[in-house]
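Dear colleague,

I am handing over the structure below, and after it you will find notes on what was found there. Please read them with the coordinates open.

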Amino acid sequence: MGKQDGFLLYDRKDNETLTPSQRVGNFNEFHVPLKEEERKRQAARCMNCGVPYCQSALKLNGMVTGCPLHNLIPEWNDAVYQGNVAHALARLLKTSSFPEFTSRVCPSLCEKACLCGVHDSPVTVHENEYYIIETAFEKGLMTPRIPNTRSGKKVAVVGSGPAGLAVADRLNRRGHNVEVFERDDRVGGLLMYGIPNMKLEKKVVERRQKLMEAEGVIFHTSVDVGKDISAKEIMKQFDCVVLACGAKQARKLNVEGADSTEGVMMAVDFLKATTVSLLNGTLEQKENRPAEGKHVVIVGGGDTGNDCVGTCIRENCASVVQLEMMPCPPLERSADNPWPQWPKVLKTDYGQQEAIDRFGHDPRIYETTVKRLIRDKGVLKQIETVKVTMKDGRMQEVRGSEKMIDCDLLIVAAGFTGCQSYTAKAFGVSLSKRNTVVADEEFMTDQKGVFTAGDMHRGQSLVVWAIDEGRRCARAVDAYLMGYTNLD
């Protein structure tokens, strides 16, 4: 611990953020990093606690607090304070496969468990991590780490999202020959097409892909396993397979007419369409901007719903409303939600901030859902909403609370109901009632040599959990192939 009284001397200072009016004119990331000396001061705030909850991943009251990857946070905070980026990087990469992803899109479970946050503001762990990895790339410290020897074993990874990439990265470093199959035209899974550019610019994903290719990983894009190539053929070519296809079966809206493609889009399709147009250079064309000039209603108050709000504003929507069935969270922790539990408090994210700036009010309407779609000659014009309340453990409509809202585009961001099962069925693996692939503690399915990891295994979750599962699955695969493993 280099600065024993750092947490007493320095106040928390976050990276600067462009104002909503400055950033909504493009799809670029909009945080401006602090200068090096200020970053050192922020790292100096780390108390190096005797029991660092920040890296614990404790489950308290049904929620996890602390880093699922068990990142060695006090160690690399100290190294940042000392100005030793190379050492900070070494300690960070010891537990984290892709800091450039988690430092952008993770909701900072580490910071919620920071001891500084009990009576003051937590350490800027998230931004310190970003500083380490981006400085490392800038200074040429992130060079290909090519294994000295190869095992001769071949592993197929189906899916190139965070779990699949983590599996491929670890097994390739171990010396196995790894090939990744991705059904989309670009590598990254939800990192590429499920998270908008404002949170994760795609050049960051492409940079990691190039590094992994230089290290020996082979990527096959536009190959849909189970359709373009059979499971039997994959099993014949490889010693084992890891299924990491994500949980992409979107939850539909249980309202008559919501299945129509006229005026209704699933959030994942909306975000993907926008990113595809952005990457192809065609987003300026009005037909490639689904929300252009539309009165948009988004069903879902989570992160994906917020991403849709921000995307709609950048596409110049006429208005945007975000419906949330749950009540509005409190502004401050309640007495039964103490530190270090995950704080159940109101979060106004970037998309909502931009909506407030553009339209003068928060787009969220709580305890409300869609009751009916109003169409004119097949064209969506309005929706009828209704208030809902929880009674006897069930959601019920509040009689007489119906309201009409103008709506040309309805975006459904209500989560996911597990994996799209055709790939699992192609390999003959069992699915749970939650439509996830069943596996044992070593990530092995009921088919020998077929493993699974990430959202396809655990259900819809965070990027950091997918990476964690990918790393642990790689260890199990290595033990299966070699009879032992030296992966930690």
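**The sheet around β10**

Strand β10 and strand β11 (residues 319-324) run parallel to one another and are paired over five bridges, and in this pairing His 295 stands opposite Ser 319 of β11. Before going further, please keep in mind that this is a predicted model. With helix α14 (residues 303-314) placed between them in the unit, β10 and β11 make up a right-handed β-α-β unit. β10 is also joined by four bridges to strand β17 (residues 409-412), again in the parallel sense, and there the bridge partner of Val 297 is Leu 410 in β17. Strand β10 itself, which covers residues 295-299, is mostly covered, with four of its five residues buried.

These pairings belong to an open sheet of five strands, in which the order is β9-β17-β10-β11-β12 and the pairing is parallel. Its edge strands are β9 (264-266) and β12, each of which pairs on one side only, and the twist from one strand to the next averages 20 degrees. At the β12 end, three bridges join β11 to β12 in parallel, and Glu 324 stands opposite Tyr 366 of β12.

Helix α13 lies across β9 and β17, and its direction makes an angle of about 85 degrees with β9. Phe 270 is found in this helix, and because its relative accessibility is 0%, Phe 270 counts as buried. Leaving out residues up to four places away in sequence, Phe 270 touches Met 265, Pro 290, Ala 291, Cys 308, Thr 311, Cys 312, Glu 315 and Ile 411. From Phe 270 to Gln 22 there are 248 residues in sequence, and the two C-alpha atoms are 24 Å apart in space.

Helix α15 (residues 350-359) has as its buried residues Tyr 350, Gly 351, Gln 352, Glu 354 and Ala 355, and these pack against α2 (20-23), α14, β11 and β12 (364-366). Just after α15, Gly 360 takes a positive phi of about 85 degrees.

**The sheet around β8**

A further open sheet of five strands has the order β7-β6-β5-β8-β18, with parallel pairing. Here the edge strands, each pairing on one side only, are β7 and β18 (450-452), and the twist averages 20 degrees from one strand to the next.

Strand β8 (residues 240-243) is joined to strand β5 (residues 154-158) by four bridges, the two strands running parallel; Val 155 stands opposite Cys 240 of β8, and Val 158 stands opposite Leu 243 of β8. Three bridges join β8 to β18, also in the parallel sense, and the bridge partner of Leu 243 in β18 is Thr 452. As for the side chains of β8, Cys 240 and Val 242 point one way from the strand while Val 241 and Leu 243 point the other way, and all of them are buried.

**The largest nonpolar core**

Which residues have the most contacts inside the largest nonpolar core? They are Phe 451 and Val 477, in a core that has 68 residues. The largest share of that core, nine residues, comes from helix α18 (residues 463-482). Neighbours within four places in sequence aside, Phe 451 is in contact with Cys 240, Val 241, Val 242 and Leu 243, with Glu 442, Phe 443, Met 444 and Thr 445, and with Cys 473, Ala 476, Val 477 and Tyr 480.

**Helix α11**

An α-helix has 3.6 residues a turn, so residues three or four places apart point the same way. Just after α11, Gly 216 takes a positive phi of about 120 degrees.

With best regards

Conventions
Residues numbered from 1 in each chain as written. Predicted model: local features only at pLDDT ≥ 70, side-chain atom pairs only at ≥ 80, totals over all residues. Heavy atoms only, no water. Core = buried A, V, L, I, M, F, W, Y, C linked by side-chain atoms within 4.5 Å. Buried < 20%, exposed > 50% of the residue type's maximum accessible area, 1.4 Å probe, protein only. Contact = heavy atoms within 4.5 Å. Pairing = 2+ DSSP bridges. Right-handed = clockwise from strand over helix to strand, strands pointing away. Axes fitted to C-alpha atoms, helices over the stretch in contact; angles between N-to-C directions.
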